[in-house]
Amino acid sequence: MGNDLNQKCGDVEGGELVVGLDAGGTRTRVVLAAADGRLLGEGAAGPGNALTVPMPQLIEHLAEAVAAAVPEEARGRVVSVAGGFAGATAASPDDPGHLNARSALTSALRRLGIPAGPVGICSDIEAAFAAAPGTPADGLALVAGTGAVAMRIADRRGTVTVDGDGWLLGDDGSGFWIGRTAVRAALRMADGRGPATALAASVGRALGLPGGVLPGDDEDDRGAGWTRPHREAYRMHLLPAVMADPPIRLARLAPLVAEAAREKDAVAEAILEEAADQLTETVRALNPHPGEPLVATGGLLGPDGPLTPLLAPRLAALGLTLDWVAEGCRGAVALAWLAHGGGSR
């Protein structure tokens, strides 16, 4: 939107502006918004996790994204800034994540000459919840993307968190969980402990294994002609390929499971069903009340998300309906206006 940015800012010359941030584990996104709700600019940069990104790098990412979203001539009109950060929460202002996020954001704004004004800090989950229509104050939020977490929110602050415990200890039903389960299914097929599945071939290709060690793609012959030496060679190549990357990178294999499930691969279908069960139990642990808002975000739960058709009827049995939002920037904008006293916009 860069070519139209100056014109858009000129359209509301003299008007108040707010900035909303969604600083997640993989990228930071920032938007500039006018009082009438229009988004006038946007910017993006690297990860914004307030607990895992070193402070100098966090400041750089925030400054880069904000600078791209807010042209220099508009910076003096910013009256409020709010950011949803992975690793932070509005409910715990003394926690390291909250303190890091506030310090880094304040430093980035000062560097760009943007008046600090009210600077609101919340979790990226709280921001996503506020992005739902009407900017709800109370209800449930569910994130299912690379990771998975659910949160009860009261008065726009998270009060109870379920899962979100990371790749080693939790994130059940997440993209990482699906990807890891796919690799496990492939290895079980290779060593004879599990059923034949198209995932052995697709996972192997995705991880760069030599074509000669992969099983055939023909459903009628899948694994039948896969000799023991080839299976051993498959394992020999697969394990180092997995170990070469950070574990969380297994999330990139989740789309392969969705594709195999669409082709009626029984193992892939079972993985997605179990992922939906895991997410249902995560929500159930929040003791949901029938009819209360449930805001969802993350690629697994979007309009085309592979878990949406599986999870929706499970949640319906709890009296809940998914209300999906793409990300938390609009929620952060709404929170910024609320902090400025402008109400929900």
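The side chains of aspartate 191 and arginine 235 come together in a salt bridge, with 3.5 Å from N to O; the term covers a Lys or Arg side-chain nitrogen within 4 Å of a carboxyl oxygen of Asp or Glu. This is a predicted model, in which local features need pLDDT of at least 70 and side-chain atom pairs count only at pLDDT 80 or more, while totals for chains, interfaces and linings use all residues. Residues are numbered from 1 along each chain as its sequence is written, and side-chain values use heavy atoms, with hydrogens and water left out.

The pair ties together distant parts of the chain, 44 residues apart: aspartate 191 sits in helix H6, arginine 235 in helix H8 (residues 228–243). Helices here are DSSP runs of H or I with at least four residues, strands are runs of E with at least two, and both are numbered from the N terminus. Arginine 235 is partly exposed at 24% relative accessibility, and aspartate 191 is partly exposed too, at 23%. For these labels, buried means under 20% relative accessible area, exposed over 50%, and partly exposed in between (1.4 Å probe, protein chains only). Aspartate 191 also meets arginine 193 in a salt bridge (3.0 Å, N to O), and arginine 193 is exposed at 53%.

Across the whole structure, the search turns up 12 salt bridges. Among them, arginine 284 meets glutamate 281 at 3.1 Å, N to O; both lie in helix H10 (residues 266–284), three residues apart, or about one turn of the helix. Arg29, Glu42 and Glu327 are linked in a salt-bridge network.

Strand S9 (residues 294–297) is covered on both faces, with Leu294 and Ala296 buried on one side and Val295 and Thr297 on the other. Strand S6 (residues 139–144) runs parallel to S9 and is joined to it by four bridges; pairing takes at least two bridges found by DSSP between two strands. Leucine 142 has alanine 296 as its bridge partner in S9. S9 also pairs in the parallel sense with S10 (residues 322–324), over three bridges, and there valine 295 stands opposite aspartate 323.
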